[in-house]
Amino acid sequence: MLRSRRVWWLLAALTALVLALAACAPANVQQVGSPPAAEEEAPGEEAMPAQEEAPGEEAAPAEEAAMEEAETIKIGALAPLSAPGSVTGGEAMKAAFEIALEEINEAGGVLGKPVELILVDTAGQPEQGVAAMEKLINEDKVVAVVGEYHSAVGLAVKEVARQYHIPVVFAETWNDDITASMYPEVFRIAPLSSEVAAVDAKFIASLGGIEKVVIMTENTGYGIPAAESTTERLAELGIEAVTFSADLGTQDFSAIIERIKAEEPDMILVLVTGETSYNFEQQAAEAGIGPQDIPMICNQVAGDSESYWKNVPDGNLCFYRRIGLPRALYTPETQAFAEKYMARTGKADVESYAMEAYDSLKLMAQAINEAGSTDADAIIEALENIEYQGALGTITFPVNSKNPPEAAGVEPKWWHQFPKPAITMVQYQEPGQDSKDAVVVFPEEYKTGEPIIPGR
Amino acid sequence: MLAYVLLWMVLWAMVGGVMTPRIYARKDLDVANTGLAGALMGAALGPFGLALLWWRSPKLTGRWLATPGVLAVLLFAAAFARTYPGNLCVSNGSFVVTQVVNGLILGLIYGLMALGLTLIFSILGVVSFSHGEFYMIGGMLVYYMSVVWLPGLNPLVALVGAALITFLIGVVFERLFLRVMNTGQVERPGEYAILVTFGLAFFLQYLTLALVGATPKKAPRFLDYPRLDWPSPENPWLLRMRAGTVEFLDTVSIATPRVTAALIAMVMLLILMWFLYRTWIGKALRAVSEDRQAAAVTGINPDTMNTLAFGMGTMLAGLSGASLVQVFSWVPWVGTLASARAFVIIVLGGMGSLPGAFVGGLIVGLVEALGAGCIPDPQRAAAYIPAYGMVILTLVLLLKPTGLFGREL
């Protein structure tokens with residue numbers, strides 16, 4: 001009797017847990033490895049009742065799969081939606097993908113068919129990214145892939161794209177090597193890490209009087225090379241740099257901050273991303289080397305002003321890098337996307353990775369349309385010739401198979417690379433300031449105000 | 001220089017660790033702790049120490065372990081100082097003091113969390129893999145109570161609320177999922193416990209992610225400290241207190257949220273010790289951890305004690321998270337690293353040992369702070385923080401598998 005009562009208790013509790021999970025999961029969580037859960041529900045799905053998949057359908061007969069393939073164009077998307085990846089970044093990208101997908105399907109889809117977007121979580125981990133990519137290609141039979149945030153994942157995933165000959169447009173992976181290996185399938189609309197380093201270095205030099213910089217970087221495929229190239233660029237300008245690195249997820253920086261203090265830097269550059277950067281910036285401020293004590297370039301996640309001020313209350317005067325057109329130069333496309341994005345997410349501004357995610361998907365849709373088929377070679381050729389108007393401006397890939405790097409006289413990293421993502425340096429000049437009101441202080445052509453340099 | 005000294009120490013530690021138990025066994029003496037004593041003696045004094053140990057073969061009291069242990073640390077420190085004379089840990093006394101104070105403060109909080117884990121282990125015999133998630137939930141609850149749901153609520157009240165809620169979640173979970181282990185309904189209780197707590201960890205983490213999203217949260221500091229200069233406002237060399245920082249002896253400067261968190265941890269530890277050693281229920285808990293059957297014979301209900309212990313354990317994790325949400329940014333996966341550290345601490349201190357968890361917490365806090373502060377290469381110093389704990393863990397498992405305060409097997 002007692003036994004059966006316990007069993008009932010357990011069953012009831014389990015049911016409650018499952019119900020709670022089922023109610024909550026689809027809102028935010030996708031998992032790799034279990035196909036039914038991993039599939040992102042396309043927001044425009046009402047228009048496509050035929051493609052609703054029941055669990056276990058992966059064993060569907062071949063002709064059914066072929067029929068389904070004929071009804072929609074499947075595009076894969078990668079984003080970090082669970083830790084240790086940048087979930088904040090992943091969720092912003094997800095919202096941007098949804099907006100792009102709605103727009104594409106409202107405009108009649110691609111090749112006359114609705115687009116189905118299959119978003120898979122990479123958790124910022126290369127091996128999970130590879131598994132996600134293989135699932136997209138082999139199980140979901142996508143014709144192209146867009147997105148991703150972490151360079152480490154991008155570096156691993158490009159090999160899979162090469163192996164299966166599937167075109168990819170990377171959204172927010174900065175590592176130079178992603179395009180430098182010159183794979184025909186790989187395109188990128190994010191800036192090159194080395195170019196961002198050059199902008200950082202020029203900005204630091206423009207402030208004047210800076211002789212020693214401490215770079216606080218993350219121990220990842222993005223952080224280490226980014227710190228190296230910044231150090232090189234700074235050295236060219238006669239500025240010394242010392243690099244400290246930490247794992248993503250590090251909470252306590254007190255020991256490192258004491259060491260940084262002892263270096264007596266004139267400036268600090270934070271290349272750590274996500275909430276780890278908030279931890280560093282606030283602890284540095286508490287220790288007396290924060291943005292109000294010496295100039296500090298905070299990580300670009302500072303652009304999410306609501307969360308920045310909550311986590312770094314002593315972070316006034318922080319500089320941060322912004323990728324994408326400055327507000328004054330927004331095109332109608334940027335403006336339209338920004339409005340939709342802010343309405344959807346309730347945020348005060350658009351992050352660069354949201355713009356990049358949005359553009360990567362719309363760009364791919366336009367390329368497939370221009371190619372007139374879902375054949376990989378046709379899509380690649382269309383991408384090489386594309387001229388796309390989007391949130392980031394006019395995107396082209398001028399260094400391509402017809403104009404290879406040797407002929408263009410540039411380094412291989414410019415292969416299939418969007419050459420002009422606008423990079424600006426912005427500064428919060430009042431505590432609690434909204435990121436859209438933050439002052440653009442660099443470069444000259446986009447400037448809306450002078451930088452305030454603490455201690456001067 | 002450092003490399004040669006290390007090589008010398010490791011070599012003789014290995015010889016001591018392997019040979020000493022054999023020599024004691026041949027002499028028909030108690031072999032407990034002989035491996036550890038041999039290794040420490042070898043590391044500290046090399047062949048001379050080992051010769052002395054093997055020749056005299058004394059009974060290995062605490063003194064025979066502590067003295068060579070301290071000597072070995074000093075030898076290492078001296079070699080380090082000779083090799084890196086310019087290192088901050090060698091040349092800058094106030095830097096070292098700051099690191100030690102920082103390490104001890106964090107160690108206290110780590111200890112509080114590990115105490116919960118070891119309490120659960122000592123009474124239920126279960127290693128809870130969901131411990132880090134309770135740490136995360138404790139922090140989230142304080143944030144939501146004091147910032148979102150009831151803005152203006154005193155964070156210390158929210159802290160008590162978070163403690164109660166994490167306690168209740170722990171109690172409910174134990175009643176629903178862990179009680180069955182003692183009724184013979186589960187074939188492999190050990191494996192079952194691992195899986196079910198692991199499942200709970202995933203459930204709690206992803207449920208929180210779904211409910212609150214991925215944006216980092218942070219509570220404002222609990223207490224604004226009054227402005228205070230001591231001994232005099234002109235020359236406050238002993239203590240200088242401001243709303244955000246406390247400075248001791250003109251050199252050691254600590255952010256006040258950390259001080260608050262450490263004070264909370266200390267108060268909780270005192271309350272816990274009082275509860276466990278001075279109240280009837282506390283004594284009953286310890287009795288069950290010593291011998292379940294004997295405790296049952298004296299009229300203690302072991303099942304109730306299980307529930308209580310699990311609830312208290314999760315509450316302690318919740319409290320350490322709750323006290324740290326004003327220090328660090330909080331995200332749903334913040335518990336993963338914290339729980340890995342708690343495992344290291346309880347193995348280091350001895351599974352199930354309460355003083356062990358406390359001392360282990362302090363040791364791990366210190367080693368992390370000094371490691372990150374002293375490792376010469378700035379690129380690696382902080383990146384290796386999670387590894388420092390693992391190095392100690394490996395050493396302990398090698399030399400004293402029962403941990404510092406563990407019961408002998």
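How do the axes of helix 1 and helix 2 of chain B cross, and within what distance do they come? The legends below start there; keep in mind that this is a predicted model.

**View 1. Helix 1 meets helix 2 in chain B.** Here residues 2-26 form helix 1 and residues 34-56 form helix 2. Their axes come within 6 Å and cross at roughly 105°, which makes helix 1 of chain B roughly perpendicular to helix 2 of chain B. Look at who sits in this contact: 17 residues are nonpolar, eight are polar and no charged ones take part.

**View 2. Chain B as a whole.** Zooming out, you get 16 helices and four strands in chain B. The C-alpha trace spans about 65 × 65 × 40 Å along its principal axes. A compact globule of 409 residues would have a radius of gyration near 22 Å, so the 23 Å of chain B agrees with that. As for the inside, 47% of the 409 residues in chain B count as buried. If you take the contacts in chain B with a separation of 6 or more, 72% of them link residues 24 or more positions apart.

**View 3. Around Thr448 in chain A.** Thr448(A) sits in the segment after strand 14 (439-442) of chain A. Is Thr448(A) buried or partly exposed? It counts as partly exposed, because 14 C-beta neighbours lie inside 10 Å, and being buried would take 20 or more. Leaving out residues up to four places away in sequence, Thr448(A) touches Ala328(A), Val439(A) and Val440(A).

**View 4. From Thr448(A) to Asp121(A).** This pair is 327 residues apart in sequence. In space, Thr448(A) and Asp121(A) are 38 Å apart, C-alpha to C-alpha.

Notes
Residues numbered from 1 in each chain as written. Chains lettered and ligands numbered in written order. Predicted model: local features only at pLDDT ≥ 70, side-chain atom pairs only at ≥ 80, totals over all residues. Helix = DSSP H or I, 4+ residues; strand = E, 2+ residues; numbered from the N terminus. Rg over C-alpha atoms; globule rule 2.2 N^0.38 Å. Buried ≥ 20, exposed ≤ 12 C-beta atoms within 10 Å, placed from the backbone. Contact = placed C-beta atoms within 7 Å. Axes fitted to C-alpha atoms, helices over the stretch in contact; angles between N-to-C directions. Parallel < 35°, antiparallel > 145°, perpendicular 65-115°, else oblique. Nonpolar A, V, L, I, M, F, W, Y, C, P; charged D, E, K, R; others polar.
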